[in-house]
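This report describes one protein model for a reader who is new to structural analysis. Please look through the sequence and the structure before reading on.

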Amino acid sequence: MDRDGKGRAGKRTDETAKLSRDFGWLAALGVILVLAGLVGLIYTGVATLTSMILFGWLLLIGGVVGLLHAIQARGTNFFWLGVVVAALNIAAGVVVISRPEAAAAALTMFAALLFLTGGVFRLAGSLVVRGPQFGWTLVQGAFGLLLGILVLASWPSSSKYVIGCFFSLALLFDGLGLIATGYGGRRIVGMVSDRLAAEGGGGSETDEGATKPVQPE
């Protein structure tokens with residue numbers, strides 16, 4: 001009985017230690033992402049080129065993988081559709097990798113148009129509906145409209161820093177989220193481990209009291 005209890009306690013300790021270590025690695029990855037995001041915000045031009053090259057390679061690799069899947073699925077109804085989509089991805093990846101500046105300019109124009117249309121629709125929707133989130137929706141629409149106008153006003157020079165700024169902010173907030181998750185997870189694992197250790201200690205004392213014979217007076 002005592003040996004089984006010690007075995008279970010040791011296994012539980014190993015599992016909690018592994019969980020705590022995993023959450024620690026998660027927090028460390030978050031720190032790396034935060035540092036990368038801060039560096040990207042400082043060197044936005046480099047971050048823009050880096051993000052576009054990564055995007056191009058993702059398109060290229062995805063196109064090659066899609067082409068292999070299409071070849072494996074030849075004879076089906078989706079063969080030619082898979083080939084066309086894979087070819088478009090490969091072509092887009094090659095263009096983005098070979099001309100990242102032009103790709104960044106096109107993507108910046110597309111993002112600015114999205115901000116403009118999204119801001120106009122939010123403003124119009126908030127003024128027409130006037131729901132409980134009227135003020136917040138109005139602020140979002142005005143911010144999106146203003147951001148789109150600012151990006152378009154300085155285009156194409158804005159393409160040198162807009163994509164890199166967004167990419168760096170995404171890294172920064174993802175890193176902060178990972179740090180919060182890792183730190184919170186380690187705290188929860190530590191609390192659960194302490195709780196189980198306390199219950200295990202109390203249970204062993206109860207078992208010893210129950211099995212100890214009572215000496216007659």
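How do the axes of H2 and helix H4 (residues 100-129) cross? The axes come within 9 Å and cross at roughly 95°. Here, axes are lines fitted to C-alpha atoms, for helices over the stretch in contact, and angles run from 0 to 180 degrees between N-to-C directions.

## Basis of the model

The model is predicted: local features need pLDDT of at least 70, side-chain atom pairs count only at pLDDT 80 or more, and totals for chains, interfaces and linings use all residues. Residues are numbered from 1 along each chain as its sequence is written, and side-chain values use heavy atoms, with hydrogens and water left out.

## Overall composition

The protein chain contains six helices and zero strands; helices (H or I, at least four residues) and strands (E, at least two) are DSSP runs, numbered from the N terminus. Of its 217 residues, 23% count as buried, where buried means under 20% relative accessible area, exposed over 50% and partly exposed in between (1.4 Å probe, protein chains only).

Contact means heavy atoms within 4.5 Å. Among the contacts in the protein chain with a separation of 6 or more, 80% come from residues 24 or more positions apart.

Buried residues of H2 include Ala47, Leu59, Leu60 and Ala70.

H2 and H4 are therefore roughly perpendicular to each other (under 35 degrees counts as roughly parallel, over 145 as roughly antiparallel, 65 to 115 as roughly perpendicular and the rest as oblique). On the H2 side, the contact is made by Thr48, Leu49, Met52 and Ile53, and on the H4 side by Pro100, Glu101, Ala103, Ala104 and Leu107. By class, this contact has seven nonpolar, one polar and one charged residues; Ala, Val, Leu, Ile, Met, Phe, Trp, Tyr, Cys and Pro count as nonpolar, Asp, Glu, Lys and Arg as charged, and the others, Gly among them, as polar.

## Two buried serines

Ser51 is found in helix H2 and counts as buried because its relative accessibility is 9%. Its side chain reaches the backbone oxygen of Thr48 at 2.8 Å. Ser51 also touches Ile163 and Phe167, not counting residues up to four places away in sequence.

Ser126 lies in helix H4 and, at 4% relative accessibility, counts as buried. Ser126 and Thr137 are 11 residues apart in sequence and 6.0 Å apart in space, C-alpha to C-alpha.

Methods:
A polar contact is a pair of N or O atoms within 3.5 Å; within protein, one must be able to donate a hydrogen and the other to accept it, and residues adjacent in sequence count only if both atoms are side-chain atoms.
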